[in-house]
Amino acid sequence: MASTSSRYQVLQRTIALPPPGRKRAMVLFIVATVLTGVVALAVGMWLGGNLTQSQINGIAIGGTGGLTGWGLPTSKMVMDVASVGVIGMLVACVLLPSREPAAEPGAMVRRLLRTASWLALVWAIANAALLIFSWSDLVGQPVTDLPFANLFTDPIGAFPAAADYTSSTSLAIVIAAGVAVTRTRGGALILLPLAAYNLVPMALQGHANHSTLLRYSLITHVIAISLWVGGLAALFMHVRKQPALLAVAAPRFSTLALFCYVAVGVSGVIAAWDLIGSIPSFWGSRYGVLVLFKIAALIALGIFGWWHRRHTIHRIRANQETHAPRARRAFTQLAAAEIAIMVAAVAIAVALSRSASPDTILLHSNRQAAAPVQYSEPVARG
Amino acid sequence: MSDGMDRFIGVVAWLVGVAAVVLTVFFLALPAAPVAAHTALEASSPKAGGKIGVAPAQLVLKFTEPIMNTGSRVEVQDPDGRTYQAGPARIAGDQLTQSLAPLGPAGQYQVRIRVVAADGHPLITGMRFTLTKPGPAAGGAKADDRPIALAPVYSTSGSVNNAPTWAPWLGGAFAVVLMSGAVLFGRRATRGLD
């Protein structure tokens with residue numbers, strides 16, 4: 001018994017005063033997460049068939065250059081991660097206790113908001129970059145050849161979706177400024193819906209155009225993902241350093257995460273099924289393979305969530321000296337692994353948003369039976 | 001108080017979960033065809049891979065879904081590398097019409113196509129047709145501009161959207177590794193906490 005308590009005392013000391021080993025672990029974690037994201041993005045783009053499309057039938061036309069080819073998914077990924085981070089920091093502010101327990105929530109709120117402000121700036125910059133790369137991709141010209149003056153004189157003619165991108169970029173800048181001048185939970189509560197709303201214009205680009213069901217599913221998916229992944233990142237980055245605050249915020253987040261998990265799963269399944277539509281095209285298509293990776297990530301994250309709910313959360317809430325330090329360490333380790341998987345899943349999502357859905361396969365295979373289409377109207381001479 | 005609250009949240013979570021499953025099943029049971037994301041060349045005139053004796057005055061391409069007015073480009077190239085597209089392509093819904101200059105020598109013509117699907121994603125593809133007699137520009141018959149029938153485009157090499165056969169197995173194997181990793185890592189991280 002005595003030995004047990006002394007071991008917990010040692011553990012407590014290490015939490016109160018992190019040795020250099022902790023810092024090295026954190027650096028290692030950041031490097032590993034970035035690497036995971038980069039590798040997942042590259043593999044996703046490759047498996048999704050997005051690297052080879054310009055050479056179909058040995059015929060190439062409309063080269064945009066490698067800069068656009070890689071710049072587009074990279075800027076989209078950075079934008080996604082930054083926006084998720086902003087929303088997570090704001091959510092964490094709201095989850096903190098309103099009345100002060102042992103630790104002071106005010107300092108923690110300010111720390112979360114400072115991170116959110118920087119991330120919102122990254123969000124805005126990545127969004128602006130995404131505008132340029134998407135435009136280049138759409139018109140099939142290298143970034144250097146784009147007629148930028150037209151963006152002001154004739155935005156719709158130059159790039160039909162320009163308004164969505166510019167409004168989203170502007171709102172991200174407004175959020176960055178708003179977060180920078182906010183110091184309270186109340187301010188975070190006001191900015192949170194604004195940030196969540198700013199996910200919508202970008203969620204509606206691409207595949208969302210195809211059906212209303214898909215639009216609602218994707219909006220739900222993106223907002224639920226941001227609350228869940230971002231909230232966990234915020235607890236992991238900042239709140240975990242104040243056990244008294246984590247004791248309140250972690251159980252609240254756990255409940256939120258459960259709801260988000262269900263929402264993410266349901267909206268994801270509906271969206272994927274709307275685009276895939278049959279088991280053979282799920283198993284046989286590039287799109288389906290990427291969806292398979294995301295299902296794997298979701299199930300794995302569900303397992304992690306189960307570990308949290310089974311072992312760590314109630315001990316963190318009870319915050320008793322005997323078990324809480326060990327539970328907090330488990331929480332940190334599980335959260336680190338979860339965040340790495342989440343980043344990989346976001347990377348696959350970026351690749352997925354660029355990939356053709358398998359319907360084209362069905363069309364290709366059914367084509368043998370298709371009758372010639374009669375071109376009924378007289379052809380106008382140009 | 002706190003326990004009661006927890007039980008309440010637990011019940012709500014279960015209800016939401018059940019509702020989510022019901023909702024998913026409901027939406028999946030809707031008799032809807034999968035929506036088309038991205039586009040493909042569905043039919044063309046002249047026929048892709050076909051042989052024609054009289055040079056066409058225009059090229060007509062039909063796609064599987066509407067295409068955007070922005071970012072489309074069509075090039076028609078003769079065996080000697082000269083191009084014959086005249087003016088910008090005209091787009092109406094899922095159909096693209098490209099006027100052609102009088103075609104030149106007999107031989108295989110290569111058509112390079114870039115269009116942007118309604119979802120903003122570009123399609124880069126191509127087709128070929130063979131002119132069996134010299135065109136108007138090489139002293140042949142006048143270009144044919146009668147209404148024409150579109151011929152379906154057959155895919156010879158299968159869709160580019162088909163995954164390699166090993167890919168789903170790789171995905172499945174990855175799923176198993178990831179899930180067992182989650183179990184093992186979780187057990188290790190929470191050791192001594194039950």
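In which helix of chain A does Ala224(A) lie? In this predicted model, Ala224(A) belongs to helix 10 of chain A, which covers residues 212–237. Its relative accessibility is 7%, so Ala224(A) counts as buried, the cut-off being under 20%. Beyond its neighbours within four places in sequence, Ala224(A) makes contact with Cys260(A), Ala263(A) and Val264(A). Ala257(A) is 33 residues away from Ala224(A) along the chain, and the C-alpha atoms of the two are 8.6 Å apart.

The aromatic residues come next. A pair of aromatic rings is described by the distance of the centres and the angle of the planes. Over all chains, the whole structure contains 12 aromatic pairs. One of them joins Phe304(A) and Phe185(B): the ring centres are 6.1 Å apart and the planes meet at 65 degrees, so this pair is edge-to-face. It crosses between chains, with Phe304(A) in helix 13 (residues 286–318) of chain A and Phe185(B) in helix 2 (residues 166–189) of chain B. Phe304(A) is buried at a relative accessible area of 2%, whereas Phe185(B), at 31%, is partly exposed.

Within chain B, Tyr109(B) and Phe129(B) form a stacked pair, with 5.5 Å from centre to centre and 10 degrees between the planes. Tyr109(B) is in strand 7 (residues 107–116) and Phe129(B) in strand 8 (residues 122–131), so that the pair links parts of the chain 20 residues apart. Both Tyr109(B) and Phe129(B) are buried.

In chain A, ring pairs connect Trp135(A), Phe148(A), Phe159(A) and Tyr165(A) into a cluster. Another ring, that of Phe236(A), has the charged end of Arg240(A) over it, 5.2 Å from the ring centre.

Terms used: Residues numbered from 1 in each chain as written. Chains lettered and ligands numbered in written order. Predicted model: local features only at pLDDT ≥ 70, side-chain atom pairs only at ≥ 80, totals over all residues. Heavy atoms only, no water. Helix = DSSP H or I, 4+ residues; strand = E, 2+ residues; numbered from the N terminus. Buried < 20%, exposed > 50% of the residue type's maximum accessible area, 1.4 Å probe, protein only. Contact = heavy atoms within 4.5 Å. Phe/Tyr/Trp six-rings, centres within 6.5 Å; stacked < 30°, edge-to-face > 60°. Lys NZ or Arg CZ within 6 Å of the ring centre and 35° of its normal.
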